[in-house]
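Let's take a friendly walk through a protein fold, one piece at a time. Keep the picture at hand as you read.

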Amino acid sequence: MKLERLISIIYKLLNHEVLSAGMLADEFQVSQRTIYRDIDVICAAGFPVIAYQGVKGGYSMMDGYKMDKSLLGSYDVNSLITVLRSLSTVFEDERAQGTIERLQTIGEDPHTHGLEIDLDTRRTDPEALHDLRTAILERKIVRFEYINTQNERTTRDIEPVQLHFKYGNWYVYGYCRTREDYREFRLSRIINLSLTENIFLERHIVSKQHGVSSLNAEWQDQVEDVVIRASTEALAEVMDQFHQMEKQFHADGSMTLRIPVYRPLQSRWLWAILLSFGSGVEVIEPVPLRGILKEKLQKTLQLYEEK
């Protein structure tokens, strides 16, 4: 514990101009006398600590003293700081903040880095993120209600293994005791999440293939191209959703896209996206998909008919 405190004090002195003994004592929950002894040890180890007297006095490292950047080899230190800062904001992680302070001692000016990451949590309950992170670290079973793509509401008990952020959404991966298999759950569809006091003993291993977008040979046989035509009023929205798809621009400014989709006639997520474009997008192929969307629109219109 003492060694950990000494290392933390060194990095704090490297990142701040002057820190008083009182400030350090409060942060590490020790007496000022202990801080005085710690500073003596740090000085004896060869670190150039300077003591300042007076009301605003305290301790600081000698100007220009930096740790060797070769400690991280070829890593881009500022990129690591950016990622850690976004994580520490989402999870309020004090350990990540401590790592940031240590990395800042060997990084360049962060304002010249030109990189920022925003792990959007608007579609996710922040408390659910924190609870799941706790459950993963403490290996606690969690219980929640889940609404799947078929709009079925079920209660699940899972042994959480990993949180990950992809496609603009947070997901939790783990062993579902209800289904007796590994499952992935989108956090925006989770409600009434709670941590139980039950501990799971098995050490789960995340498959290397987990989270990788790949289609095996069996699935490839059921992939079909969905061809849509977007008007000039919907170009930006369509590009946001299907940026990497094959595109063809036309003389009138409209655009045709070809989107390979696994079983598009059963893909509710695709229907929702296409309908969200309103009159800005027309489905050309497959023809049965046009019929599905037409039926959805007719049912929607019935809701708004005057009674």
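In what order do the strands of the open sheet of four strands lie, and how do they pair? Their order is 9-10-8-11, and the pairing is antiparallel. As you look at this, keep in mind that the model is predicted. Strand 9 (246-249) and strand 11 sit at the edges, where each pairs on one side only. Going from one strand to the next, the twist averages 25°.

Now find helix 10, which lies across strand 8 and strand 11 and runs at about 145° to strand 11.

How many residues does the largest nonpolar core have? The count is 21, and the residues with the most contacts inside this core are Ile-228, Val-238, Phe-242, Leu-274, Val-281 and Leu-289. Several elements give two or more residues to the core: strand 8 (223-230), strand 10 (255-262) and strand 11 (281-285), together with helix 8 (235-241), helix 9 (268-276) and helix 10 (287-303). Apart from this core lies another one of 17 residues, including Leu-14, Phe-28, Ile-35 and Met-61.

Leaving aside neighbours within four places in sequence, Leu-289 is in contact with Val-226, Pro-264, Leu-265, Leu-270, Trp-271, Leu-274 and Val-283.

Next, turn to the open sheet formed by five strands, in the order 6-5-4-3-7 with antiparallel pairing. Its edge strands are strand 6 (181-186) and strand 7 (190-199), each of which pairs on one side only. Here the twist averages 45° from one strand to the next.

Strand 4 and strand 5 (residues 169-176) pair in the antiparallel sense over eight bridges. Helix 6 (residues 126-138) lies across strand 3, strand 4, strand 5 and strand 7, and its direction makes an angle of about 85° with strand 4.

Is Asn-148 buried or exposed? Asn-148 counts as buried, because its relative accessibility is 14% and the limit for buried is under 20%. You will find Asn-148 in the loop between strand 3 (140-147) and strand 4 (153-166). Its side chain makes a polar contact of 2.8 Å with the side chain of Glu-152.

Gln-53 is in the loop between strand 1 (49-52) and strand 2 (58-61). With a relative accessibility of 73%, Gln-53 counts as exposed, since exposed means over 50%. In sequence, Gln-53 and Ser-20 are 33 residues apart, while their C-alpha atoms are 9.9 Å apart in space.

## Cysteines

A disulfide is a covalent bond between the sulfur atoms of two cysteines. How many disulfides are counted in this model? The count comes to zero, with a pair of cysteine sulfur atoms within 2.5 Å as the rule.

Cys-176 counts as buried because its relative accessibility is 0%. Cys-43 has a relative accessible area of 34% and is therefore partly exposed, as this value falls between the limits of 20% and 50%.

Notes
Residues numbered from 1 in each chain as written. Predicted model: local features only at pLDDT ≥ 70, side-chain atom pairs only at ≥ 80, totals over all residues. Heavy atoms only, no water. Buried < 20%, exposed > 50% of the residue type's maximum accessible area, 1.4 Å probe, protein only. Polar contact = N/O pair within 3.5 Å; in protein donor to acceptor, adjacent residues only side chain to side chain. Pairing = 2+ DSSP bridges. Axes fitted to C-alpha atoms, helices over the stretch in contact; angles between N-to-C directions. Contact = heavy atoms within 4.5 Å. Core = buried A, V, L, I, M, F, W, Y, C linked by side-chain atoms within 4.5 Å.
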